[in-house]
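Let's take a walk through this fold, one piece at a time. Have the model open and turn it as you read.

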Amino acid sequence: MNSSATVIEEIDLEMDLLEPSGYATHDEYFAMCFQQGGRTVYSVDLSVPQLAATLPEPDPDHPQEGNRRINPSHARAFAEYVQERSNWVCPSLLLRAPEGEFEFHPRKEIGGTQLGVLSIPRLARNSLQILDGQHRILGFHLAWRAISENIQHQREALAIARRDGSDRKIQKAERALRGTLELRDRLEKERVSIDIVIVDDPGAYKQVFVDIADNAKGVTRTLSARFDRRKVVNRALPLVAEHPLVKGRIEEESDRLSSSNRSLLTAKHLADLIRTVQVGVARRISKKLEAELDERVVSDDAQRFLDVIETAFPQLQAIRKGEKSPSELRAESLLGSATILRVLAGVYHDLTAAGPNRMTEGEVADFFASLVSHMDAPIAEDGAWKATGVFVDSGMAPQASQGSLRKLTGEIVAWARNPPGWIA
């Protein structure tokens, strides 16, 4: 009896010491607390699954007050980025919460920053609202959901393969499942920083959002083209930039060229030319093709196009030799327009594409040379350029919409196949 009583007492003691987390009313996090702009800010870090479990999933159909509408494709792209890139990066997410919802227990203070434990009631999770980072937060939700669904489907596929007894299918299913489990484990270990601003007044948190937007300097597409090495076009860019026609004549910061800018193209413009040579005007490189293309081959293709237009147009030969400046070219010729050069790249792609009507690079250069006397800008009001419908009156360049790019490219390709009488 004494032995039984002792066992019961030990069980009672163990039960008293147990604190199953599933019954907890609060979540506790190591955190920092500091002041910024007269407001209290808590800074914590969460793993991706913790983030998906803690932060409500943003709804693209119902924008949060004080925030812009969500672009679902942007969020999906971020979800793919996190899953595909082991070296992904994410700036701190900025949330807001009302006064009095959280408890902070400081342990130490260093230079105005308190280190301690932040306690968030589970009932108050919906009090967390997004100030900045809603596309990334939705992306994390989508990524974690996709990983969970993939694991379920891959386990089912493995079970079916084992039932069927096919060694090849079993090995394939095991590899797929192992890869997704490794991805899940990686994201469970990696962390995302979150700053929580304590603010109640709707006018105040709307002002915070406006201040973020006003003070953020967006990354231009030119900088993205130079620094983002995920895309084969961007990896080919520095190689193509060594071509004599464009070397030293590439704007590396801005997406636009002023009339007096000494550059012939921006890095964004050159990337557009490289892409167009590969797949045609107003088209994107598919994921499948992205994986197949080599940047050196892509660079060689683009440099051959630059060779062709330099051979065909004396104005561009003058640019390469330094006899004419890009700003002078923009003032007198359509060739000073990055949009026209992109269209010519599309024409080059279509004319040299494999097929019964394929033209050689020399034949394309000869055709382009036949347009030399028609490249003056602004365009004539009764000329062939205006008749294409993609130029405004006295235009110095065609309109740059996708539809206009496709239409003008098609018109010029038709001129090459069946030259009209006005072509020299």
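A salt bridge here is a side-chain nitrogen of Lys or Arg within 4 Å of a carboxyl oxygen of Asp or Glu. What you're looking at is a predicted model, in which local features need pLDDT of at least 70 and side-chain atom pairs count only at pLDDT 80 or more, while totals for chains, interfaces and linings use all residues. Residues are numbered from 1 along each chain as its sequence is written, and side-chain values use heavy atoms, with hydrogens and water left out.

Start with the charged pairs. Side chains of opposite charge can pair when their charged atoms come close. The salt-bridge rule gives a count of 21 for this model. One of them joins Lys 324 to Glu 332, with 2.6 Å between the closest N and O atoms. Glu 332 counts as partly exposed because its relative accessibility is 36%; the scale calls a residue buried under 20% relative accessible area, exposed over 50% and partly exposed in between, using a 1.4 Å probe and protein chains only. Another pair is Glu 381 with Lys 386, at 3.3 Å from N to O. Both ends of that pair get the partly exposed label: Glu 381 has a relative accessible area of 42%, and Lys 386 has 23%.

Now head over to helix H9, residues 267-279. Helices are DSSP runs of H or I with at least four residues, strands are E runs of at least two, and both are numbered from the N terminus. Inside H9, Asp 272 and Lys 268 sit 4 residues apart, about one turn of the helix. They form a salt bridge, and their closest N and O atoms are 3.2 Å apart. Is this pair buried or exposed? Both Asp 272 and Lys 268 are buried. They also belong to a network of salt bridges that links Lys 268, Asp 272, Arg 275 and Arg 342.

Two packed helices are described by the angle between their axes and the distance between the axes. Axes are lines fitted to C-alpha atoms, for helices over the stretch in contact, and angles run from 0 to 180 degrees between N-to-C directions. Angles under 35 degrees count as roughly parallel, over 145 as roughly antiparallel, 65 to 115 as roughly perpendicular, and the rest as oblique. H9 passes H14 in a right-handed crossing, where right-handed has the near helix turned clockwise from the far one by less than a right angle, and left-handed has it turned anticlockwise.

Contact means heavy atoms within 4.5 Å. By class, the residues of this contact divide into 7 nonpolar, 5 polar and 2 charged. The sorting puts Ala, Val, Leu, Ile, Met, Phe, Trp, Tyr, Cys and Pro under nonpolar, Asp, Glu, Lys and Arg under charged, and the others, Gly among them, under polar.

H9 has another neighbor to look at, helix H8 (residues 232-240), whose axis is 9 Å from that of H9 at an angle of about 110°. H8 is therefore roughly perpendicular to H9. Val 233, Asn 234, Ala 236, Leu 237 and Val 240 in H8 meet Ala 267, Leu 270, Ala 271, Ile 274 and Arg 275 in H9. That contact has 8 nonpolar, 1 polar and 1 charged residues.

Next, a stop earlier in the chain. Arg 136 is found in helix H4, residues 134-164. Its relative accessibility is 16%, so Arg 136 counts as buried. Leaving out residues up to four places away in sequence, Arg 136 touches Phe 78, Cys 90, Pro 91, Ser 92 and Leu 93. Leu 131, in strand E6 (residues 129-132), is buried as well, with a relative accessible area of 1%.

Finally, some backbone details. Most residues other than glycine have a negative phi, and most peptide bonds are trans. Against that background, the peptide bond from Ala 377 to Pro 378 is cis, with omega near 5°. Pro 378 sits in the loop between helix H15 (361-369) and helix H16 (384-387). Ala 282, in the loop between H9 and helix H10 (287-292), has a positive phi near 60°, and at 15% relative accessibility it counts as buried. Ser 394 also has a positive phi, about 55°. You'll find Ser 394 in the loop between H16 and helix H17 (402-417), and its 43% relative accessibility makes it partly exposed.
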